[in-house]
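Dear colleague,

Please find the structure below for your records. My notes on its salt bridges and helices follow.

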Amino acid sequence: MIPSDVKATLSFSDGSPSVELPIHEGSIGPDVIDIRKLYAQTGKFTYDPGFLSTASCSSAITYIDGDKGELLYRGYPIEQIAVHCDYMETCYLILYGELPDAAQKKDFLTRVTQHTMVNEQMQFFLRGFRRDAHPMAVLTGLVGAMSAFYPDSINVNDPEQRNISAIRLIAKMPTLVAMAYKYNMGQPYMYPQNKLSYAANFMRMMWATPCEDFEPNPVIERALDRIFILHADHEQNASTSTVRLCASSGTNPFAAIAAGVACLWGPAHGGANEACLNMLDDIQAHGGVAKIGEFIANVKDKNSSVRLMGFGHRVYKNYDPRAKLMRETCHEVLDALGLHDDPLFKLAMTLEKIALEDDYFIQRKLYPNVDFYSGIVQKAIGVPVSLFTANFALARTVGWIAQLNEMLTDPEYKIGRPRQLFTGAVKRDVVPLAQRG
């Protein structure tokens with residue numbers, strides 16, 4: 001943080017003495033007012049539900065400007081990363097701060113591919129779940145259980161152990177997600193093949209069987225890789241903040257990432273693309289394209305309970321930059337698979353057209369977001385809707401790890417302990433049972 005010459009002065013209308021607060025400057029983005037000594041100086045806390053105006057940390061990983069529709073990974077625009085890099089290069093960048101050269105990429109790939117298998121006991125652990133359990137319930141358990149299978153890398157205070165756990169998590173997450181899918185389907189698990197790319201290996205573990213191998217389609221392979229890139233990190237969102245808060249207690253990396261997985265499951269966060277596809281299925285069941293006018297009318301009706309999923313974003317007040325990239329990929333996949341005339345995808349494209357042309361959506365900046373397009377792509381390539389959020393967790397794992405590492409190496413790091421505005425009963429005495437009326 002860079003101290004600013006400008007100071008903030010907080011004054012009170014009750015005659016209490018004013019307080020001067022330091023201001024810190026970031027490299028880009030809003031300055032922050034340092035309120036760490038506010039309680040000691042005034043006896044008061046700040047109140048900010050949802051942390052909408054609070055910087056909980058300093059970070060050098062990801063930067064978002066919601067008004068401009070800008071997303072940077074370590075300073076690089078997402079538009080350039082998604083076009084010129086693959087997911088493994090993106091992981092290296094997010095973890096270590098710079099894009100790898102050819103030798104560094106080769107070494108990183110080797111380390112990741114050496115850890116793609118999981119302990120065989122994981123198969124027996126899976127059997128404790130119901131076959132119809134949601135993949136995110138299964139994944140939360142599997143990731144948390146990794147601390148029991150890999151106790152040699154659970155000390156968060158050891159940088160080398162943290163690095164080993166980072167590689168293990170990135171390498172094994174596709175294997176665990178595929179295992180959750182296969183278990184649900186009642187099919188045999190497929191072991192990873194390290195000769196394949198990260199995305200292609202995941203596809204094979206998902207869709208190959210012992211009696212028939214799977215040949216990855218290059219268009220779909222690249223589409224999946226791009227989905228991973230676009231979801232790799234997204235600043236201090238709910239799941240990332242959960243990982244940081246959990247890890248601030250000194251717990252092991254696997255437990256902290258499991259907490260992130262659990263948080264991501266929520267429909268307001270990682271479950272948004274699943275909710276979007278469920279919305280499309282519901283529209284299709286009630287008449288599809290022919291009835292889309294009625295659906296839009298209900299969306300615009302303030303008294304209606306109908307919600308439009310996959311449009312607009314809490315952070316981006318302009319167009320989501322990831323959505324532009326995912327839109328291109330979406331149409332490439334639909335073209336490659338000949339699905340533009342499929343009823344569900346035709347409905348999705350009709351809804352997209354309305355949102356991009358209707359003044360109601362334009363004025364409210366309700367543009368299709370990344371969840372809208374990534375959900376369509378995953379549905380098109382055969383990923384079950386229930387697995388969408390698990391794929392999101394797979395992609396976001398590297399961001400969570402990088403944020404965890406950054407926090408633990410921050411000299412100002414402390415265990416998280418939010419304050420509260422207490423509105424309950426004041427101190428009172430217990431009345432004996434016989435006297436209570």
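Asp 107 and Arg 111 form a salt bridge, with 3.3 Å between the closest N and O atoms; the term requires a side-chain nitrogen of Lys or Arg within 4 Å of a carboxyl oxygen of Asp or Glu. Both residues belong to helix α4, four residues apart, about one turn of the helix. Helices are DSSP runs (H or I, at least four residues), numbered from the N terminus. Asp 107 is partly exposed at 43% relative accessibility, and Arg 111 is partly exposed at 24%. Here buried means under 20% relative accessible area, exposed over 50%, and partly exposed in between (1.4 Å probe, protein chains only).

Please note that this is a predicted model, in which local features need pLDDT of at least 70 and side-chain atom pairs count only at pLDDT 80 or more, while totals for chains, interfaces and linings use all residues. Residues are numbered from 1 along each chain as its sequence is written, and side-chain values use heavy atoms, with hydrogens and water left out.

The salt bridge count comes to 16. Glu 89 pairs with Lys 105, again by a salt bridge, the closest N and O atoms being 3.3 Å apart. This pair links distant parts of the chain, since Glu 89 lies in helix α3 (residues 87–96) and Lys 105 in helix α4 (residues 102–113), 16 residues apart. Glu 89 is buried, at 15% relative accessible area, whereas Lys 105 is partly exposed at 22%.

A salt bridge with an N to O distance of 2.8 Å joins Arg 168 and Asp 152. Arg 168 is in helix α7 and Asp 152 in the loop between α6 (135–149) and α7, so the pair ties together parts 16 residues apart in sequence. Arg 168 is buried at 10% relative accessibility, and Asp 152 is partly exposed at 44%. Asp 34, Arg 36 and Glu 412 are linked in a network of salt bridges.

Turning to helix packing, the axes of α7 (residues 159–185) and α18 come within 9 Å and cross at roughly 170°. Axes are lines fitted to C-alpha atoms, for helices over the stretch in contact (heavy atoms within 4.5 Å), with angles from 0 to 180 degrees between N-to-C directions. The two helices, α7 and α18, are therefore roughly antiparallel, a term for angles over 145 degrees. Among the residues that meet are Leu 169 and Met 173 in α7 and Leu 394 and Ile 401 in α18.

Yours sincerely

Terms used
Angles under 35 degrees count as roughly parallel, over 145 as roughly antiparallel, 65 to 115 as roughly perpendicular and the rest as oblique.
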